[in-house]
Amino acid sequence: MPTSMQVGMSTVLHVVEVIGVFVFAGSGLVEARRKKMDLVGVFTVAFITAFGGGTVRDILLDRRPLFWIENYEYPTLVFIFCLLVSPFFRQLRQVVTEKVILYADAFGLGLFSIGGTSLAYDMHMPLFVCVMMGVITGIFGGVLRDVICNEIPMVFRRGQLYASCAFLGSWAYLLLALLGVAELSAVLSGIALTVVLRLLAVRFDLKLPG
Amino acid sequence: MPTSMQVGMSTVLHVVEVIGVFVFAGSGLVEARRKKMDLVGVFTVAFITAFGGGTVRDILLDRRPLFWIENYEYPTLVFIFCLLVSPFFRQLRQVVTEKVILYADAFGLGLFSIGGTSLAYDMHMPLFVCVMMGVITGIFGGVLRDVICNEIPMVFRRGQLYASCAFLGSWAYLLLALLGVAELSAVLSGIALTVVLRLLAVRFDLKLPG
Amino acid sequence: MPTSMQVGMSTVLHVVEVIGVFVFAGSGLVEARRKKMDLVGVFTVAFITAFGGGTVRDILLDRRPLFWIENYEYPTLVFIFCLLVSPFFRQLRQVVTEKVILYADAFGLGLFSIGGTSLAYDMHMPLFVCVMMGVITGIFGGVLRDVICNEIPMVFRRGQLYASCAFLGSWAYLLLALLGVAELSAVLSGIALTVVLRLLAVRFDLKLPG
């Protein structure tokens, strides 16, 4: 029987996961609207942004059913979200400021990445592959979004650190897990490091050389 | 032993399927020629347009062997089709008018979409996932064609209803199947609705808001 | 126990394979630098160019673990390669001339293609599918590189024969294998034909009609 502490943590993770899905879906919606797509385009791009990273990871690792087929209420919710939000796009953008999106996206990146790393680690993948799976889970939704919207993927251009935060956070998680730290603590530390690094990168305009 | 009625229907479906493959392959060929690709490009784009949707669906659902590996005469025929048609491209475009392409494409969309939905339904997927698989089967060949040809996918731009026809046709099929209507009748009704909706959309210039 | 001859051959193939991986990774690195990507972009594009063709093939054939997960030292080496080479990019381009890249790339194409064909043949795939898998293994890394870099894939544009060399080399390999020639001889002949055709195509500016 799970203790109330465990239940509390798993509920927290679940809530953060749902937030992550909607933040990523929202970023796809914004991009699709910018490209003047119709509702079908908006939903597809939102869907791919939210679930693309996890789908690529699951295909590479041959995990089935896919994340969003097992939890099929997620794509349904994203669909309803697009139906409801799309007409009020202009008004919403005034309420949801850039800063809110940025914070939420940092949390989504942290959660998706460390979730992906942890999942590959549970499958006994080599460490470097675990980290790659983490980074893929975190960033590939955005990569596919940009490819479909006919842009060079944002994460590959010389912007503020993004994938690198997921990379370092994933290694931190793995290090703690290898040292025998409890799974949940390791996961939360990895997420925290990724999120903090990302917010610092934005705050102080940190970039990679290139 | 199948009755002659069943044989007749399955032959009809098979013929329509082959037509669907060639229509979609043809639309890839046209696009590749417009982009001044050589024969390799023409075949690859034709192939991806014809088989891309079903391949993405089969990968997402982990079905093997893939549709076009099981029926490997299809890619072989598409290859021969490209070899033969490519040199006479200009002449052919005068015989095969836009209207013919449009009708044929509507049939291809209907057949591919409802075929995909029905296949996911047979695998006991959740209903919304069945519809998504149907739409993916119907439109993703064209999406991949446009991504490779460096365009924003046509189906996501604000054109006449396309994916939405597949979406509604798929729901109609599911509804009939859930009501206990015979598989074949449900499939044919779904296809018919998709095709009619698509032709109406073109005829009356119906569009989604966006 | 393998004879010294066999060991010698397998070592040769292994060395050529590693060379192939780095040549393809290098071509991704060059393209990513041209597009002004940062280190994350450089690594991702290098990785996708080197492993993309084999990954698409393995996903289509449902082979797991993937080539680069089984040999996870390869992506690790590519990562270190990008870390080391990226800062000295300008100097390196003066030492590694276009001609060196072209020769190496021809060898990579030959090895990857015939390797892919042979693998599909071992899985008893239909002959045309074997050839397609060979060509996909040889060229799809470059296709994905170009799609991510927002270009129409180089191999589909009207350049000197490229995919066609892999196509002919793959058929040559299959023909020899079907005639009962020893696997290694058939493989080496296929590779040799692909490489020679490619170098001839560059030397005499051979192109496909289109």
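**View 1. The annotated domain in chain A.** UniProt, in an unreviewed entry, lists "domain: Glycine transporter" for residues 15-85 and 103-176 of chain A; positions follow the numbering used here, and such annotations may be inferred rather than shown by experiment. In this predicted model, residues 103-176 of chain A come out as 76% helix and 0% strand, with the end C-alpha atoms 25 Å apart. Helices (H or I, at least four residues) and strands (E, at least two) are DSSP runs, numbered from the N terminus.

**View 2. Where chain A meets chain B.** Counting contact as heavy atoms within 4.5 Å, 27 residues of chain A and 28 residues of chain B take part. Putting the two chains together buries about 2,200 Å², and carbon and sulfur atoms give 73% of that (accessible area lost, 1.4 Å probe, summed over both parts).

**View 3. The salt bridge.** The rule (a Lys or Arg side-chain nitrogen within 4 Å of an Asp or Glu carboxyl oxygen) picks out one salt bridge across this interface. Arg64(A) pairs with Asp62(B), and their closest N and O atoms sit 3.8 Å apart.

**View 4. The chain A side, helix by helix.** Helices H2 (39-61), H3 (67-70), H4 (73-85) and H7 (127-148) of chain A each give two or more residues to the side that touches chain B. H2(A) supplies the largest share, nine residues.

**Notes.** Residues are numbered from 1 along each chain as its sequence is written, with chains lettered from A and ligands numbered from 1 in the order written. Local features need pLDDT of at least 70 and side-chain atom pairs 80 or more, while totals for chains, interfaces and linings use all residues; side-chain values use heavy atoms, leaving out hydrogens and water.
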